[in-house]
Amino acid sequence: MDGLLNMVLKRILLGLVTLFLVALVVFFAVELRPGDYAEAFLMRWALPDTVAKYREILGLDQPAIFRFFQWLGRAMAGDLGLSFANGTPVFEMIWPRFKDTAFLAFYAAALAFPLSVALG
């Protein structure tokens, strides 16, 4: 039983490390794109001081590593930010779909586990 618990804890830890690394790679891959959200939102004809002010409002004037850990901390606390499209909290947009996904995942696991044990 102790070996099983160790294995489960190692797998959970490995999953968390993998999630962290994927988030880090995706965040910095987006950073490598030319331009940023402020330029894309305000388009080409925006004045440089307007773009600079919008970057400051969005926090894009901060170093990328600082923004990543700030985002990670807020995400772990459940604050996923606001949608740029309509201003509603992202969590409110994701939650109804997440409940349905969790329901399907639970029942898929409930069917797959006994079947895999029986076949194994």
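Biologist: Which residue meets Arg55 in a salt bridge at 2.6 Å, N to O?

Modeller: A salt bridge is a side-chain nitrogen of Lys or Arg within 4 Å of a carboxyl oxygen of Asp or Glu. In this predicted model, the side chain of Arg55 meets such a partner at 2.6 Å, N to O. Arg55 lies in helix α3 and its partner in helix α2, so the pair ties together parts that are 16 residues apart in sequence. Helices (H or I, at least four residues) are DSSP runs, numbered from the N terminus. The partner is Glu39.

Biologist: Which residues does the network join?

Modeller: Arg55 also meets Asp36 in a salt bridge, at 2.4 Å, N to O. Salt bridges that share partners make one network. Its members are Asp36, Glu39 and Arg55.

Biologist: Is Asp36 buried or exposed?

Modeller: Buried means under 20% relative accessible area, exposed over 50%, partly exposed in between (1.4 Å probe, protein chains only). Asp36 has 17% relative accessibility. Therefore Asp36 counts as buried.

Biologist: How many residues apart in sequence are the parts that Arg67 and Glu31 tie together?

Modeller: The side chains of Arg67 and Glu31 meet in a salt bridge at 3.0 Å, N to O. Arg67 lies in helix α4 (residues 64–76) and Glu31 in helix α1 (residues 2–31). The parts they tie together are 36 residues apart.

Biologist: What rules lie behind these values?

Modeller: Residues are numbered from 1 along each chain as its sequence is written, and side-chain values use heavy atoms, with hydrogens and water left out. Local features need pLDDT of at least 70, totals for chains, interfaces and linings use all residues, and side-chain atom pairs count only at pLDDT 80 or more.

Note on methods
Helix = DSSP H or I, 4+ residues; strand = E, 2+ residues; numbered from the N terminus.
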